Amino acid sequence: MQKFISKISHQTTGRWSAFLALACAVHCVAMPFISAALPLIGLQFLESPVFEVGLILAGLSFGAFSVVKGYRQQHRSIAIPLIFLAGSLMLLSGVLFFEEPWEIVMVVSGAIGVAAAQLMNLRLAPHTHNAACTH
């Protein structure tokens with residue numbers, strides 16, 4: 001298992017984490033506007049708390065793995081894990097402790113913080129070349 005985890009690309013996990021954080025932000029912003037139409041089109045599961053928590057946990061899991069791997073193996077910049085931690089805490093506290101409209105503000109701000117940390121993490125990682133690379 002350790003060999004498999006060490007072979008997972010830092011950039012791959014970073015991209016997935018940034019995508020999931022942005023998907024979470026879009027989900028949270030869009031839900032108040034489209035929640036009435038979801039039962040009509042059979043997508044009411046999108047507003048379930050289980051789906052929301054699952055999306056958050058998936059994004060934060062990928063994100064934590066990528067940030068830790070990037071920090072330990074690449075850049076050693078403490079700012080990135082701190083931004084990721086702050087964004088994660090804002091996101092989780094928004095879901096667990098706040099009601100609308102502050103829930104949306106906290107969750108979206110936290111997701112943007114997590115995504116920003118991932119993008120910074122990717123930017124500081126050295127570019128690796130392979131056969132398909134033209135640079």
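Helices (H or I, at least four residues) and strands (E, at least two) here are DSSP runs, numbered from the N terminus. This is a predicted model, where local features need pLDDT of at least 70 and side-chain atom pairs count only at pLDDT 80 or more, while totals for chains, interfaces and linings use all residues. Residues are numbered from 1 along each chain as its sequence is written, and side-chain values use heavy atoms, with hydrogens and water left out.

**View 1. The overall fold is six helices and zero strands.** Along the sequence that reads α-α-α-α-α-α. Of the 135 residues in the protein, 36% are buried (under 20% relative accessible area; exposed is over 50%, partly exposed in between, with a 1.4 Å probe and protein chains only).

**View 2. A nonpolar patch sits on the surface.** To join a patch, a residue needs over 30% relative accessible area and no salt bridge; nonpolar side chains (Val, Leu, Ile, Met, Phe, Trp, Tyr) are joined within 5 Å, like charges within 9 Å. A salt bridge means a side-chain nitrogen of Lys or Arg within 4 Å of a carboxyl oxygen of Asp or Glu. Helix 5 (79-97) and helix 6 (102-124) each put in at least two residues, and helix 5 gives the most, with three. Leu 92 belongs to helix 5 and counts as partly exposed because its relative accessibility is 31%.

**View 3. The largest pocket has a volume of about 260 Å³.** Closest to its centre, among 14 lining residues, are Cys 28, Met 31, Glu 52, Glu 100 and Glu 103. A pocket is an open set of points on a 1 Å grid over the protein atoms alone, where a 1.4 Å probe fits, with protein on both sides within 12 Å along at least five of seven lines; lining residues have an atom within 4 Å of a point. Points are joined across faces, edges and corners, and the volume is the space filled by probe spheres set on them. Helix 2 (10-34) and helix 6 each supply at least two lining residues, with helix 2 giving the most, four.

View 4. The peptide bond from Glu 100 to Pro 101 is cis, with omega near 0°, and Pro 101 lies in the loop between helix 5 and helix 6. Arg 76, not a glycine, still has a positive phi of about 60°. Look for Arg 76 in the loop between helix 4 (49-75) and helix 5; with a relative accessible area of 53%, Arg 76 is exposed.

Technical notes
Accessible areas come from the Shrake-Rupley method with a 1.4 Å probe; for residues, only the protein chains shown count as cover.
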